[in-house]
Amino acid sequence: MAKLTSAMLAKQVQDLPILPQTTLKIMEMTKDPKSTVTQVAEVISRDQALAAKVLRMANSAFYGYARSIATITDAVVILGFRALRELVLAASLHGILQRELKGYAMAKGELWKHAVVCAFTARTLASRIKSVNTEEVFVAALLHDIGKVILHTYVREEFEKILHLVNHKKIPFTQAEMEVLGFDHAAVGALVAEKWNLPVTLVEAIAFHHEPAKATVAPQVTAITHVADTVCMIMGIGLGADGLMYTFDQSVLELLAITEQDIEKLIAEISDHLLDINSLIDL
């Protein structure tokens, strides 16, 4: 197989579906203080598939409401605009993130599960850091491995070469990807984020989620994404073939003013809520 070129990569990124117009419209409306519950509910209801997913997620054990949420209007009122934005984005990305990625030895649904648990782990950690936007880190963590969707075919073809470099040079999987393919999944993910016109803070978090010390725009967002990804790997969620071939950057502890004991507590907390979080995953 020919080495991945910039032109080939550009085509792969271009061929990846853009975020649906309904999703973009809802994201915009829920950030506009003039938008009403009725208006937002009406836009969601026009997309029957999206509406069904939102209702299913809203009724999951994770939210644990005493009564059933029967309508989109109920969902908007009860969940609020912020949580709704997260649900709509997650529901819209489900089709992309649930794919089987043979190159990374990830069965269908594994990347999706990893992304969702990462997102909730990141939000949980961010809620304890006042200066960080919890919604922003949720999105960053949800999307951090989107580049794997594009690279998995090339990784599968060149896996032996990549693994040889990892084992003999003792380098992270992303560095081996770069040496063999010319790109790593983090850099490719950042290209996707740019294509979707996501904020530069999210582009950076995706680009450097394995190398958080390189972040300069919003280092805390990238650091939290790195911690969330590490927590999921420790818990064995969506590891894939490359999951154990990364290192944890200790610099994030000082940046976020947390300790290894705090991370242990975070793992325990996410473990306690894993069944509830899993109820969001099966769309």
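Over the ring of which residue does the charged end of K148 sit? In this predicted model, that ring belongs to Y104, and the charged end of K148 is 5.0 Å from its centre.

**View 1. Charge over a ring: K148 and Y104.** The close-up shows the side chains of K148 and Y104, with the charged end of K148 placed over the Y104 ring. The distance from that charged end to the ring centre is 5.0 Å.

**View 2. The edge-to-face pair F120 and F138.** Four aromatic pairs are found when the whole structure is searched. In one of them, the ring centres of F120 and F138 are 5.2 Å apart; the planes meet at 90°, so the pair is edge-to-face. F120 belongs to helix α6 (residues 110-126) and F138 to helix α7 (residues 134-143), so the contact ties together parts 18 residues apart in sequence. F120 has a relative accessible area of 5% and is buried. F138 is also buried, at 3% relative accessibility.

**View 3. The tilted pair F159 and F173.** Centre to centre, the rings of F159 and F173 are 6.2 Å apart, with 40° between their planes. F159 lies in helix α9 (residues 159-169) and F173 in helix α10 (residues 173-181), so this pair links parts that are 14 residues apart in sequence. F159 is partly exposed, with a relative accessible area of 22%, whereas F173 is buried at 0%.

**View 4. The aromatic cluster of F62, F120 and F138.** F120 and F138, the edge-to-face pair, form one aromatic cluster together with F62.

Definitions and conventions
Residues are numbered from 1 along each chain as its sequence is written. This is a predicted model: local features need pLDDT of at least 70, side-chain atom pairs count only at pLDDT 80 or more; totals for chains, interfaces and linings use all residues. Side-chain values use heavy atoms; hydrogens and water are left out. Rings of Phe, Tyr and Trp (its six-membered ring) pair if their centres lie within 6.5 Å; planes under 30 degrees apart count as stacked, over 60 as edge-to-face and the rest as tilted. Helices (H or I, at least four residues) and strands (E, at least two) are DSSP runs, numbered from the N terminus. Buried means under 20% relative accessible area, exposed over 50%, partly exposed in between (1.4 Å probe, protein chains only). A charge sits over a ring if NZ of Lys or CZ of Arg is within 6 Å of the ring centre and within 35 degrees of the ring normal.
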